[in-house]
Every structure is written in structure tokens, then in C-alpha cells.
Amino acid sequence: MVRIALAAALVASAAAAPNGDALKRADSSAAIVPGSPAAANSTIATGTILPTASATTSTAPINTTAPNTPVPTGVLPDDYFVKGNTPRTWSQALALAAKFVAPMSIEEKTALTTGVGFGSSRCVGNIIDQPKYKFPGLCLQDSPLGVRLTDRVSAFTAGINAAATWDRNLIRARGVALGEEFRGKGVNVALGPAMNLARVAAGGRNWEGFGADPYLSGEAAYETILGIQSTGVQACEQEIKRDASSSDVDDRAQHELYAHPFLRSVAAGVASFMCSYNQINGTYSCENDKVLNGILKTEYGFPGYVMSDWWATHSTESANRGLDMEMPGGLGWGIPASSAWLGGNLTQWVKDGRIPEARLTDMATRIIAGWYLTGQEKGYPAVNFNTPTIDSGPLNLHVDVQGDHYKGIREMGAASTILLKNTKGTLPLKKPVSLAIIAPPLRGPNGFTDRAGVDGTLAMAWGSGSVSNLLRCIKPLEAIQARAKQDHTSVSWHTLDWDTAGAKTRAKDKDVAIVFINSDSGEGYLTVDGNRGDRNNLTAWNNGDNLVREVASANSNTVVVVHSVGPIIMEPWIDNPNVTAVLWAGLPGQESGNALVDVLYGAVNPSAKLPYTIAKQRSDYGTEVVYDESNGIPHIPYSEGTGSEVSGWEAGKVAPKVKGASLAPWLHAPYYDVSFDIKNTGQVVGHEVRGFARVALKPGQTQRVTLTLSRYDLSAWDVARQGWAKIDGQVGVTVGASSRDFRLKGTLLAWELAKKNPATNWATECVLVGHFNHYTCAPRNLTITNARLVYLWADYSNKKKAPSV
């Protein structure tokens, strides 16, 4: 029996219906559309391969496979994507784009595909304007948590914290606020969100994305995209990988885990994707035909454009293999855009017939379609900042785009704080007479290049995913001082991490001692304390473990607050009885201190959940960073596959039967309803996650929760047949507060097998209907009775929020 864990990551996929033709593949690995003759006869549907030329010059990629999938064409049905979130549908945008591009010359179309002016133009990425067509060009700008390299902007909570809330409304609102600030600065394309799965705990840029779970990452990306693009800004989904390695992943794991967030991003209507630096199965990501043409554009029917990460293009042939835009232009840092792989080379390759002009037209059309989709052709703000000078010079107009976004940042900072331990009724704090704060040193909000250091708090990590110029960053020290003044609490503080003797002196005889520890990481172009982007270890930085132990030896009521990019090993002190409470604050953004005070003093009940696992020892993770890349490009095998949830299928215990392609509508329609009860046994209002939403429960309240599963959720990717396979037999359903805390169990029958057993209340008929040969089925129901999912959060008093400082 296969068991599905319905914990924090219970799947409830939205319907997304592609055109049947868009699902066809041009080789023997074609996906099978149910109800088609090919499906009925168990044969493979084939399409037409557009003529493509293999690279024959010395500039050709040396580690590629021959392109074997067509460039998709045609207009997809609008119900494939979320509706009403952008001024136009994709079909409208594509039609306008086709009309726009039709009169353009080869050179003019090429100009749309190649970045210019890096280091001298106003944005980190620039597509040149074409006044002849009243096209103002495009401005592309970092980052996933705020507008980078400019001033008077907000520093939002990191993606990893957004994921910890499991709150669709908050994540959507964060996306809206991000979009408003990018639009206010005149940015056309926001380079975010990031959604790479945090496969390796020490990975330097994990914090930019949404954690280790594909469902969580997919839904968080979906909501973020909807928020950003609702403001008229194009979102660009980023896949962040190492720049000198090959991720060797099998086809099933790729579809079921790593590609899933891309599937949800396409359904959200994302305008663009960014391909990464690394290789995938020996071929560079930005010229990987299987991934770009095969999965993204054909299986998922993505109608937008794919841009390269900065200098991640390796050949002109990339255009045949799915790349639509080269960024930032030029072959590397400091090399002019005139030497780009696309640009003039693309023009010549089209004229020589090595790249069909139809493909160039497709590239240009996809790019302009994103512009029309988000309504940027009329009334869109002009760029009003200048990246090279950040906050000075005549091109910086210092437009303030922050509004009241600090309120939402504070709310999400508190909502993303996780309570890991609370004994002796330590939290919430109840007007202590005396309090000691043991915090990191202070240097000033902009004291480190690209946030490459800790200044009183770890609001965000370092690199291009950060906000470069902070207007405000509220430290826990100043926020707690403001609250202590209100409560007439005596406060002592110590900000020297390595002076444990001084820390003990400050903590001794105080009612409570709060120790702040951290662990940082970022992008590899900066090295901090010997950490070149990736973390060298999973322990607390700056003497953190010793600091906690020493303070706890002097104070029997020690609270530990962890600001970290990801998991750290807490075994040296987590079970110390004098460590009475642990709060995991992550990377809360500019309102770090205010958000923490809301939790410490009970204005907010900490109801977030970890988006990754905290292990007892580093070896428990089973995956590692490859630190030594001196021997060329290392191949990193993703040998863990898809995980234990589907081990029965891998062992051949369940017979797969191909039922269709990745986005066939019948595959994502509601199929099973799973119902159970949640009860709050505490004394105050709290939240619990259901599927991907938070349920607010009053003390003693019980609420019936119903979650919906689709066939996609009950499927496995069949590598041999290149389609989604049903799972025959019984499927176990497990409901719990987390992946390690299961409370309820039930069983359902998989797919049409239920029809064979009319005695069950799940039996129903599925009927082929409509143009797309999809199934409509009445939902089957599974109700788990005589059980309660008990709410166990510590009691928190409902008090007014502490004052802002």
C-alpha cells in the first residue's frame, strides 16, 4: 500500500488545462493524452521537428545533446492559467505580440533577445528601446526580497520565512507589496521569486527560495507570482544552482520533485523563467533541450520567455534549445555586449539558416507577450534610479516606494517565527523586572557590502538576492528596549559574541536572559569568515553554541533566538534545562526587532512551521555541498530519488498505467475529498495549517477541515512511457501536525479502481467529455472519524502590539 502524508504539505492542485497539441512531443518519449487514438492503441503521439542546426564552430557547446523537441507554437486556451490576475490573458498577449513583431527585421527582433549596457545602464539587465515601434525597452532588476541597488525601498522577509508561514494570504500580500515597489521604481521584470528546492542544507542561497518541499515551494511561488504580476510587473522565476557542477537527476525525480514548482509557476501565468549556471545531466541549463523545450515549453505549455542568468549562456545554439533572452549581454564580466552569444551572432546564424527565422520570431514574440500580458505598453512608470551609483547622481530621482509596507513585513516576520521549545511558562514574557540581552555587534544598517555580515540581527543573508541600501532595520535590542520601557523592566545588554565571561556577568541574576545566535550564507562572489557562499558548517556562527551554554550556566531562564538562513545543529544546548525557550526567527527582514517583540510578549502566537528539517547531526541529511571544484565540473548524483513516500512504486509493488500528460485538465481536477477535525485545546486563539492555508481556532473550538486531492496527487511519473501513471490498489492517507507528528490515518482506493467496488462510498463514474478529452468525476470522500488533531501550541496572551521604534 502506498501512503500519502497529509501533513503541512497536503497537496491540493489547481486545475490547469493546456491545448492538446501543446502536449505532444516530437520523439518517442511523447506524453499520451487520454482519450486520444494514441492512448487507446497504446502507441506514441508524435509531432513535427522544426529544422535546427547543430553547432559546427569552435564556439559550440561541448556537452550537449541534439535537440529533439519542437519549439511550441500556437495560442493556448486561457483556462490553462489563473484568470483575472493580469490585464490581459496569454492568448490576447500573444496575439498582440505577434502583430507587434511581424514587421520587424531580423536585427530588430534580435535586439529584443540580447541584454545591453551592463554596468553603464540604469538596471542590472536592459533590453534596448526601439522608438520606431514605440517600445521603451525593458528594465530587469534584482531581488526576490526587494528592489536592489537603489534607495528608499523596503527590505522584505526572505522567501524561506514566507514559506514558514504556510499562509497564502500573507504570501500573496508580500508579492503585491514587492510588485508595487518594483513598479514604482520603473522596473519591468522583477528577478524573483526564487524557488530552487533546498536539497543540501548548507547551500548558500537556499534562503532565497521556499525550502525543501516541492509542494510548499510550488504553492509559495504560485502566490508570489500572482501578487507581483497583479501590479503590472513581470515576475521571473529563478532557478539558483551552482555555477560549476552538473546536477545528475533521474527523469522521475525531476518531474515529481524539482520540476513541480515550475509547473505551478506556469499555472500562475509567470511571464518568464531564468535558467541557471549549472549543468543538468551533463548539459548546461540554458541550452538543455530536455528541460527548456521538452518539459517547460512542451509538457507544461509555457508561452513566456526563458532568460539566462547573468553570463550563463554558453553558445548561440542555445536559441535552438529553448533560450529566448541572453543576459546581461557579453561573454563575461567587463566584456561588451557586442560579443554576446546571441546579438550579432544570432543575427548571422539566422541568416545562415542555422537557426530558423521562425524560431527568432518565436523568441521575440514570447518576450513582447510578457510586456503585453502585464499591461506595460501604456502608462507604465519610467525607470527613476541608476544601478551603478545606487543612491546618488542626477539619474537617481529618489522616488520613495515604501508606502506602509513595513506593517506587512512586521506581520510576516512574526507569523514566520517558529516556537521550538517553551518550558516553565517562559513565553510570553510577563513584564519581567530585569532582562539581559546578549546580541550580535552593531555596525550600522549598511556596514557590509551586499549584506555580507551580521549587524545586530540577521535580517537577510548576502548576495544579489538581498537589498543593498537599507533605509531602516529595527534591531531586537532597540525594539526590546522600547517594550521594556513600557513595562518598567530593567535591561542590560552585551554585544560581544566572543566575550562569554562578559555575557555571563550581564545574564546573572536577571529574570530572563535572551541570547541571539545566527548562521549566515549567500552568493559565492563574496566570502564571509571563510564561507564562500555555501556554509562550511551547520553550527551557530560567532561562538554561538558556547555563548548559549555559558549564559545558560549563569541564568536558569535563558531564551534562545535563532536568526539563520537554514538549519543549524542545536544538540549542544537544546536539552539544557536552563534553556527554557527557543524561537526560530529565520530572516525576518527590516522589522526584525518589532516582529520578534510581538512574539516574545504575546501579541502574536507563534504558529509557523519549519520549511526544512533540523537534524541532530550533519550526516543525517545524506546530501552535501561539493566544496572542491578544482577538477573541472563535478557531477552531483541526486541518488536519493523521490523519497520514501513512493518506495513501494520503486520496488515494483504497484503497477503503473500511463494516463496522460503533465497538465491534462482531468489530471488536476478534484478527485478525492479528505475530511478530519482539528481542535484547539489551548487557552488562546491559535492557527494550524490545513493543506496550504491557516485555520484560526478559538480555545476549545473544533473545526471540520476538508482537503481535496487530484489524480496528479495520486500519480507517479512513468519514465518508460513518459506520462503520469496511476497507482493501483490502496493508498494510505496520513494527517499530522508535521511530517514527524502524524495523528490520523485512513485509506482510499486509487483512481478508477473504486468503480469496481460499489460497496464503498467513494464509487463514482468518470466520463470522457469535451474538446480536450478530459474526465469529469464527482469527488470521492474519505472521512476520518472518532479522532481529533490536537492543537498543542503554548498559551499566548492576546496583548496589544509593542510600539514601533
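Which residues in α3 are buried? In this predicted model, local features need pLDDT of at least 70 and side-chain atom pairs count only at pLDDT 80 or more, while totals for chains, interfaces and linings use all residues. Residues are numbered from 1 along each chain as its sequence is written, and side-chain values use heavy atoms, with hydrogens and water left out.

The buried residues of α3 are I106, E108, K109, T110, L112 and T113, where buried denotes under 20% relative accessible area (1.4 Å probe, protein chains only). Because 6 of the 8 residues of helix α3 (residues 106–113) are buried, this helix is largely enclosed by the rest of the structure. The elements that cover these buried residues include α2 (90–101), β2 (125–127), α10 (343–352) and α11 (357–373), with contact meaning heavy atoms within 4.5 Å. Helices (H or I, at least four residues) and strands (E, at least two) are DSSP runs, numbered from the N terminus.

Helix α5 (residues 168–184) packs against helix α6 (residues 214–229) at an angle of about 45°, their axes lying 7 Å apart; axes are lines fitted to C-alpha atoms, for helices over the stretch in contact, and angles run from 0 to 180 degrees between N-to-C directions. The contact draws on residues of α5 including R168, I171 and R174, and on residues of α6 including Y215, E219 and E223.

Helix α5 also approaches helix α12 (residues 405–415), the two axes coming within 10 Å and crossing at roughly 145°. Here L170, I171, R174, A177, E180 and E181 in α5 meet H405, E411, M412 and A415 in α12.

Key: Buried < 20%, exposed > 50% of the residue type's maximum accessible area, 1.4 Å probe, protein only.
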